[in-house]
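Please open the structure in a viewer and keep the selection tool ready.

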Amino acid sequence: MKKVVVTGANGQLAKCLKALVEVEKPNGFQFVFLDRTQLDISDPTLVETFFFSNPVDYVVNCAAYTAVDQAETDIEKAFKINADGAGFLAEACQEHQATLIQVSTDYVFDGKNEKPYLPTDTPHPINVYGKSKLAGEQLALGHNAKTFVIRTSWLYAKFGKNFYTTMLRLMQERDSISVVADQIGKPTYAPDLAQYIYELILEENTDYGIHHFAGNEVMSWFEFAQKIALENGFTTEIVPIPSTEYPTPAKRPKFSILG
C-alpha cells in the first residue's frame, strides 16, 4: 500500500483531490489529507518527526500562502510557507525516497511575453507571492530528485474563496460590476488539476521536473466574469476596466498564459 500525504487539506485543490479519491477509491493507495494544525510544513522539526513516524511514498503540497496582496507586507510569512515549507518537505522526501508534487503558479513570470510560457522559460516574478513560490520551486527541485513542480493559473472551484465564487456573490448583490479586462490567462478548474495530479500518482509517473497545467480557454478576467454570468443566468452589467482603474498592492502579470 502506497501512502500519499496531501498538505493544505482545507484549500480548494486538496478538497477537490479528496472528493476524487472518495469516489475512485484507488486500490493500493492510501491518501491522507492534513491541514496546518496536523502538519505545519513551515516547521522543520514537525516535518521531520512526521516522516519518521509515518511511511510516505508521495507528498502533494497544496499548502500555500495565497493572499497575493497581503504578501507584499507579510513577506516573512509568505516565504516561510511557500519557500521554506516546500524545502523542508523536499528534504524529508529525499531522505525517505518519496516523490514530491509541488503546486506552483503562473505568477513566477512577469507577464511580458507575447506567446505562452513554457516550463523551460526563465521565471521573473513581479510580486512577493510569485517570488516566494519561485523560491519554493527551486528548493523543492534542489532538495529532492523525485520532484514534480506543477504550475497552474487562475485556479477556481465552485466553492471556497476564488474569482468564480466572488463573481457569483457580487452578481447576486449588485446590478453592475467592473472587472479588469487587460490581464489575460487560462482559468483552471480545480477538479481538472486534481484529476491530473491523481493520474500522475496512480500511473507512478517519473517524468520529474517542471510541468504546466492550465485550462484550455484564453480569456481576460472580464471575459471570465461574462462566462460566469452566462453559465449562472445572471444579467448583471459587467463593465470592462483597465488595471490602472483597479490598483492593488501587488502587481499582476498582464499575460499569464501557460503553454
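Select Glu-137, which is found in helix α4 (residues 128-143); helices here are DSSP runs of H or I with at least four residues, strands are runs of E with at least two, and both are numbered from the N terminus. The model is predicted: local features need pLDDT of at least 70, side-chain atom pairs count only at pLDDT 80 or more, and totals for chains, interfaces and linings use all residues. Residues are numbered from 1 along each chain as its sequence is written, and side-chain values use heavy atoms, with hydrogens and water left out.

Is Glu-137 buried or exposed? Glu-137 is buried, at a relative accessible area of 2%; buried means under 20%, exposed over 50% and partly exposed in between, with a 1.4 Å probe and protein chains only. Display its side chain together with that of Arg-151: the two make a polar contact of 2.8 Å. A polar contact is a pair of N or O atoms within 3.5 Å; within protein, one must be able to donate a hydrogen and the other to accept it, and residues adjacent in sequence count only if both atoms are side-chain atoms. Beyond its neighbours within four places in sequence, Glu-137 is in contact (heavy atoms within 4.5 Å) with Ser-104, Val-108, Val-149, Arg-151 and Ile-210.

Next, select Ala-86 in helix α3 (residues 75-95). Ala-86 counts as buried, at 0% relative accessibility. Residues up to four places away in sequence aside, Ala-86 touches Ile-41, Asn-61, Ile-81, Leu-100, Gln-102, Gly-136 and Ala-140. Its C-alpha atom is separated by 9.5 Å from that of Leu-141, 55 residues apart along the chain.

Move to Ser-42, in the loop between β2 (29-34) and α2 (44-53). Ser-42 is also buried, with a relative accessible area of 7%. Its side chain is joined to that of Asp-40 by a polar contact of 2.6 Å. Ser-42 touches Arg-36, Lys-80, Gly-85 and Phe-88, again not counting residues up to four places away in sequence.

Now select helices α1 (residues 12-24) and α6 (residues 190-202), whose axes come within 8 Å and cross at roughly 60°. That makes α1 oblique to α6. In α1, Leu-13, Cys-16, Leu-17, Leu-20, Val-21 and Glu-24 meet Ala-190, Pro-191, Leu-193, Ala-194, Gln-195, Ile-197 and Tyr-198 in α6. The residues of this contact divide into 11 nonpolar, 1 polar and 1 charged.

Turn to helix α5 (residues 163-173), where Phe-163, Tyr-164, Thr-165, Met-167, Leu-168, Leu-170 and Met-171 are buried. The elements covering these buried residues include β6 (155-156), β7 (176-180), α7 (221-232) and β12. Zoom in on Asn-162, which caps the N-terminal end of α5: a side-chain oxygen lies 3.0 Å from the backbone nitrogen of Tyr-164.

Finally, select Pro-249, in the loop between β12 (237-241) and β13 (255-256). At 60% relative accessibility, Pro-249 counts as exposed. Which residues does Pro-249 touch, not counting residues up to four places away in sequence? Pro-249 touches Asp-69 and Glu-72. The C-alpha atoms of Pro-249 and Val-68 are separated by 8.6 Å, although these residues are 181 residues apart along the chain.

Key:
Axes fitted to C-alpha atoms, helices over the stretch in contact; angles between N-to-C directions. Parallel < 35°, antiparallel > 145°, perpendicular 65-115°, else oblique. Nonpolar A, V, L, I, M, F, W, Y, C, P; charged D, E, K, R; others polar.
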